[in-house]
Amino acid sequence: MTDTREVREHFPADGATPVVEMTGISILFPGVKALDDVSFRLFPGEVHSLMGENGAGKSTLIKALTGVYPIDSGTIVVDGQPVSFTGPAAAQAAGISTVYQEVNLLPNLSVAENILLGREPRRFGGIDGRAMRRRAAELLEGLNLDIDPGSLLGSHSLAIQQLVAIARAINVDSKVLILDEPTSSLDADEVAELFRVIRSLRDSGVAILFVSHFLDQIYEITNRLTVLRNGRLVGEYLTTELLRIDLVQKMIGKELTTLDEIGERAHADAVTADRPADYARAEGLGRKGAIEPFDLVIGEGEVIGLAGLLGSGRTELARILGGIDRADSGQLDIAGARTRLRSPRQAISRRIAYSSENRRSEGIIDDLTVRENIVLALQADRGWFRPIPKKRREELAQSYIQTLNIRPANPDALVRNLSGGNQQKVLLARWLAIAPRLLILDEPTRGIDIGAKAEIQKLVYTLAENGMSVVFISAELEEVLRLSHRVVVLRDRRLVADLENDGLTVDALLALIADGSVDDEAPLAPLGESS
Amino acid sequence: MTSTLDRPSSSASIEPPKPLPPRSPIGRVRDIFTSPRSGPVLVTALLFVAVFLIGGARYRGFFSGQVFLNLFVDNSYLIVLAVGMTFVILTGGIDLSVGAVVAVSTMIAASLLQSGWSPGVVIPLILVLTSFLGLLVGLMIHVFKVQPFIATLAAMFLARGLCYVISKDSISINEPTFVALAVTRIPLGGGLSITPSVVIALVVVVIAVWVLGFTRFGRTVYALGGSEQSGILMGLPVARTKVIVYVVSGFCSGLAGVLFSLYTLSGYPLTAVGTELDAIAAVVIGGTLLAGGYGFVLGSVLGVLVLGVIQTIITFEGTLSSWWTRIFIGGLLLVFIILQKVLTARRR
């Protein structure tokens, strides 16, 4: 299926020594084991990718290698020497350079300074500006980049800033170049440009760690893959020997515990019931750089499951529907009326609720009580000058604590002291309190225990039976299949399939997620972006 | 599915990013004025020229070289203060203590000179003490992550309080060397002259321009204001730089205090109240972004000159109370802060 010859040439011969060897790395965060006994190696002259979903530990591993996080156990050997980096500067000195996802440069300084600051040529105790610009110009020329080194970095596009960051990284004699999501804001031409640079660096013997959510890009540029899941190592593979579908499966994993409580009722309903009345209808809705224009119809009482990898656009789609991000193209009809959602507030007034995947930073408020968290959205919707009567607040809190089985059943408990599952339930209660017609749940079951998971699933099912439309996002495909009437598959920021959940299997979904298209004749979208 | 690996490499067909089309002269001028780096400074420069021309047109005798030079003579201490403040604001910080430090410096100078110390000892002592206070403030900000506003507010109260510990009353300075230094005029020919203080202030300005523009420390100051996180990831000495800018500001405050005591030949606990705000105003009017990262020392000097020329006009007007200076400065600040907001908003 795949031609392996080209890769073989670049793959280290047997007996080659890795330039980086990390063994048995564990990192503990308060309450979480972010990395658990993970090993990782990187050979000179290869492009290696770290793969994994949210919370898999990719960034943590990178930050361990670059000295941002101290490791709790394990060893890091660079070039045969055991190392223990005290910070990014120390890692850089050892030849490990990093280009981060968000361009971490200084928009207020010149391009030349951004490339050379910290190692600038000096003269008379000061910086030799002319020599610095000359050196920068040489490096930029090496990347085929024709920009004025004296210009402000902030005046250039993100793509150019990204390449400037790489110019900075290769100025030091890097043995290892780490590119963390370098393509997330680039278009196809820019990605091709970047890949040209990556290939020439690889051929000169640099070991490149390339992290991206775009499978096409991974298969185009990398030689080897290391897959992580939930902070653990799944395995290390040759890219050419791992089928996409197997890769996706290894990344997502299989949910072993089955939750029988809901059974098969959900999709049985979907097949027999007539098509419900439309509640929301999106035509060509999209947002540049977030998700390509998509069409989507959500019926009343329908549960739409969104399936796709992290970065596939599943969250971006949900955020547009929830009014969090503004669409820049297309139309949205809610209950038959044309609507432009400009803010979450407007969405709420139309009874659309979006519950974020970032429970802690965009959801619950740690220092408020359960009751305060529950009435928050309702109060905001009423306006702050019409306080909800105390008695009503008590009732609301009590009833949701009972219905959702929130533990501890104390409305005055601080939410920070609740478990993840109970925090999620509080968040759900907040949105249910505004009596939404469309509820968008972004990974509501991530990181919570199995019991709470079952309860939330059951709740979603009941809500839909009572006529509420639900958009449900989860990385666990079994869960998506169990709950949804229809499944929408996203890949590389594009809606690639919209299917009735009628005999769909996890394997079929995996195939769609991995390849995006069931049509063999369709040309593979180059580099995961349409041009 | 076909392999994506054996597709011909597409890099050959990719052209390097096209250089921007050459801009028309008007477009280029507009670029300069709307750049957050140079825009506000240019606006300030034009403003200064305009106000100076208005003064020249309205009042007889305004258009003289000495009136211009007196802007420096009367504001040399403020120039030095604004230079120190520029370092701090460029990092995105603020230093509220400078006015009180000026006051305590005049008190130390006056009381020690009165008890017979030599200026050769007193002046270095003041500079060391105020730099040390700056160091403490910087460490408080860096080590304990105290907001600069709070840390320097504490330093301000401390310094102001120390003034009263030294003396509740004004102390005059009669020390001969000091007085001689204060009354010396350096002739520039054509009947024009400046004071030694002006020379000191200009030397400070020149050094600051060099340090900020051409040393790693200076560029790290800008880096801190651009993005502290990026600076750390780029391996720049962020922590050290953050502390040192407050030492620089402390040193400049001490030096400004010495210049101020030369100007007034006395120490007085209530002196220079609110001067920190004049310094901040000068820096902001001079085009330094309060959020840090953009600005020039020479802009701050221009800012001081703008404040000075407004004051001069009000003096020439004769009928207006000196508080009108404040009203004008207030209005100007408002305009400049809005200008900054507009310029930075355009970039996001």
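The model is predicted, so local features need pLDDT of at least 70 and side-chain atom pairs count only at pLDDT 80 or more, while totals for chains, interfaces and linings use all residues. Residues are numbered from 1 along each chain as its sequence is written, chains are lettered from A and ligands numbered from 1 in the order in which they are written, and side-chain values use heavy atoms, with hydrogens and water left out.

To start with the sheets of chain A, six strands line up as an open sheet in the order 6-9-10-3-11-12, with mixed pairing. Helices (H or I, at least four residues) and strands (E, at least two) are DSSP runs, numbered from the N terminus, and two strands pair if DSSP finds at least two bridges between them. The edges are taken by strand 6 (96-99) and strand 12 (232-238) of chain A, each of which pairs on one side only. From one strand to the next, the twist averages 20 degrees. Helix 2 (residues 58-65) of chain A packs on this sheet, touching strand 3 (47-51), strand 6, strand 9, strand 10 and strand 11 (224-229) of chain A, and its direction makes about 130 degrees with that of strand 3 of chain A. Here, contact means heavy atoms within 4.5 Å; axes are lines fitted to C-alpha atoms, for helices over the stretch in contact, and angles run from 0 to 180 degrees between N-to-C directions. Inside the sheet, strand 9 (residues 176-180) and strand 10 (residues 207-211) of chain A run parallel and are joined by five bridges. Within that pair, Ile178(A) sits opposite Leu209(A) of strand 10. Helix 6 of chain A also lies across strand 6 and strand 9, running at about 175 degrees to strand 6 of chain A.

Helix 5 (residues 129-142) of chain A has 14 residues and reaches 20 Å from its first C-alpha to its last, close to the 20 Å expected at 1.5 Å a residue; the expected span is 1.5 Å times one less than the number of residues. Its buried residues are Ala131(A), Met132(A), Ala136(A), Leu139(A) and Leu140(A), where buried means under 20% relative accessible area, exposed over 50%, and partly exposed in between (1.4 Å probe, protein chains only). Just past the end of helix 5 of chain A, Asn144(A) takes a positive phi of about 60 degrees.

Chain A also holds an open sheet of six strands in the order 18-19-20-15-21-22, again with mixed pairing. Strand 18 (352-355) and strand 22 (494-500) of chain A stand at the edges with a single partner strand each, so one side of each has no neighbour in the sheet. On average, and ignoring direction, neighbouring strands here are turned by 15 degrees against each other. Strand 21 (residues 486-491) of chain A pairs with strand 22 of chain A in the antiparallel sense over six bridges. Across this pair, Val489(A) faces Ala497(A), and Val488(A) stands opposite Asp498(A). The two strands form a hairpin with two residues between them, and Asp492(A) in the turn has a positive phi of about 45 degrees. Helix 19 (residues 506-515) of chain A lies across strand 15 (303-307), strand 21 and strand 22 of chain A, at about 30 degrees to strand 21. In the loop between helix 16 and strand 19 of chain A sits Ala435(A), with a positive phi near 50 degrees and a relative accessible area of 49%, which makes it partly exposed.

In chain B, the axes of helix 2 (residues 39-58) and helix 13 (residues 297-317) come within 10 Å and cross at roughly 20 degrees. These two helices of chain B are therefore roughly parallel (angles under 35 degrees count as roughly parallel, over 145 as roughly antiparallel, 65 to 115 as roughly perpendicular and the rest as oblique). Residues that meet across the pair include Phe48(B) and Phe52(B) of helix 2 and Leu302(B) and Val306(B) of helix 13.
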